[in-house]
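Please look over the sequence and the structure before reading on.

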Amino acid sequence: MKADAKDGTPLLRVADVVVDYRRGRTTFRALKGVSMTIGAGECVGLVGESGSGKSTLGKAVLGLAQVTSGSIHFDGRDITNLKGAARRRLAADLQVVFQDPYGSLDPAMTVGQILAEPLTAAGTGRAEARATVAEMLDHVRLPADAVNRCPGEFSGGQRQRIAIARALVRRPRLIICDEPVSALDLTTQAAVIDLFIDIQRETGVSYLFVSHDLNVVRRICHRVSVMYRGECVETGPNEKVTRDPDHPYTRQLLLASPVADPARQAERRRHRLELRAPAGTPVS
Ligand SMILES: Nc1ncnc2c1ncn2[C@@H]1O[C@H](COP(=O)(O)OP(=O)(O)OP(=O)(O)O)[C@@H](O)[C@H]1O
Ligand SMILES: [Mg+2]
């Protein structure tokens, strides 16, 4: 984990955030008072089962989900429910990579256009934009001639590299990564995770790394927060949370994640059944 800013202010501070979604006449509380911090150059993982609120937390930070109460500070500044031009200006510092590189890249644009667009929209000159695009393609290990091709000509893994390059072009300080490797096969997944790690080393960018897969967060994150039904039930260093967690739900999650060794798998299956036994634990 890298140090925070000199005065101790974390890059991102989420404090007691509540998010309610309207469902017809009722409301559904997707986040029930979640707190977390991310330091400069740090990768914090967010794990938990489907529906636990991981994406909602990412959306709240990005301004895509309305925060009911609580606060979100970026670099010491209150960005809770920031709207309009102020929110758009934040895009220079705060970016996102989603799971689906098909949906998030315009198939009719060339990669060069896709990567240059956020720069030219922010007033960067054409020549400088071209140079930055070339630099970013190099960052994500794609060939320079990719600029003339469209997303459909690339594999899923390459498309995710394009999405990462687009997130990087404005040199942000934090990227919200929402299941960015979940749609990829295991080999491609490993290569893209290595790329995220390299980019962090090269640029010092921070990540909020959302994944339902403990094996993924174990590889990349410095610290891990575990979500369960809209609450953060455990936060700690990667090694601790992904190998020796305190909370029964995290233990269940750990035992449910696949391992290669059949003997260890049988052992873990036994533990999992034992863990299910006590009544009253929040493990379903
Ligand atoms: N726009 C919305 N309107 C109403 N309910 C929503 C909305 N978006 C999400 N929810 C609900 O909020 C809860 C949390 O959803 P969220 O997408 O944050 O979960 P998640 O942990 O990211 O799950 P997954 O692993 O499946 O992506 C879920 O019960 C979901 O159905
Ligand atoms: Mg999600």
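A nonpolar core is a set of buried Ala, Val, Leu, Ile, Met, Phe, Trp, Tyr and Cys residues joined through C-beta atoms within 7 Å. The model described here is predicted.

**Nonpolar core**
- The largest nonpolar core holds 73 residues, and those touching the most other members are A60, A165, I175, L208, F209 and V226.
- Helix α5 (residues 156-168) gives the most to this core, with 6 residues.
- Both domain 1 (1-93 + 172-247) and domain 2 (106-171) supply at least three residues to this core.
- In soluble globular proteins, nonpolar side chains tend to be buried together.
- With its neighbours within four places in sequence left aside, F209 is in contact with C43, V44, G45, L46, C177, V217, I220 and C221.

**Ligand 1**
- Ligand 1 is surrounded by 13 residues, of which Y21, S50, K54, S55 and T56 are the closest.
- Two or more residues of this shell come from each of β1 (12-23), β2 (26-38) and α1 (54-62).
- Helix α1 provides the largest share of the shell, 3 residues.
- By type, the shell around ligand 1 has 8 polar, 3 nonpolar and 2 charged residues.

**Sheet**
- An open sheet is formed by 4 strands in the order β2-β1-β4-β5, with antiparallel pairing.
- Strands β2 and β5 (77-78) each have a single partner strand, so one side of each is left without a neighbour in the sheet.
- The antiparallel pairing of β1 with β4 (residues 69-74) runs over 5 bridges.
- R13 has H73 in β4 as its bridge partner.

Terms used. Residues are numbered from 1 along each chain as its sequence is written. Chains are lettered from A and ligands numbered from 1 in the order in which they are written. This is a predicted model: local features need pLDDT of at least 70, side-chain atom pairs count only at pLDDT 80 or more; totals for chains, interfaces and linings use all residues. A residue is buried if 20 or more other C-beta atoms lie within 10 Å of its own, exposed if 12 or fewer, and partly exposed in between; C-beta atoms are placed from the backbone. Domain bounds come from an automatic or database domain assignment. Two residues are in contact if their C-beta atoms, placed from the backbone, lie within 7 Å. A residue is near a molecule or strand if its C-beta atom, placed from the backbone, lies within 6 Å of it. Ala, Val, Leu, Ile, Met, Phe, Trp, Tyr, Cys and Pro count as nonpolar, Asp, Glu, Lys and Arg as charged, and the others, Gly among them, as polar. Two strands pair if DSSP finds at least two bridges between them.
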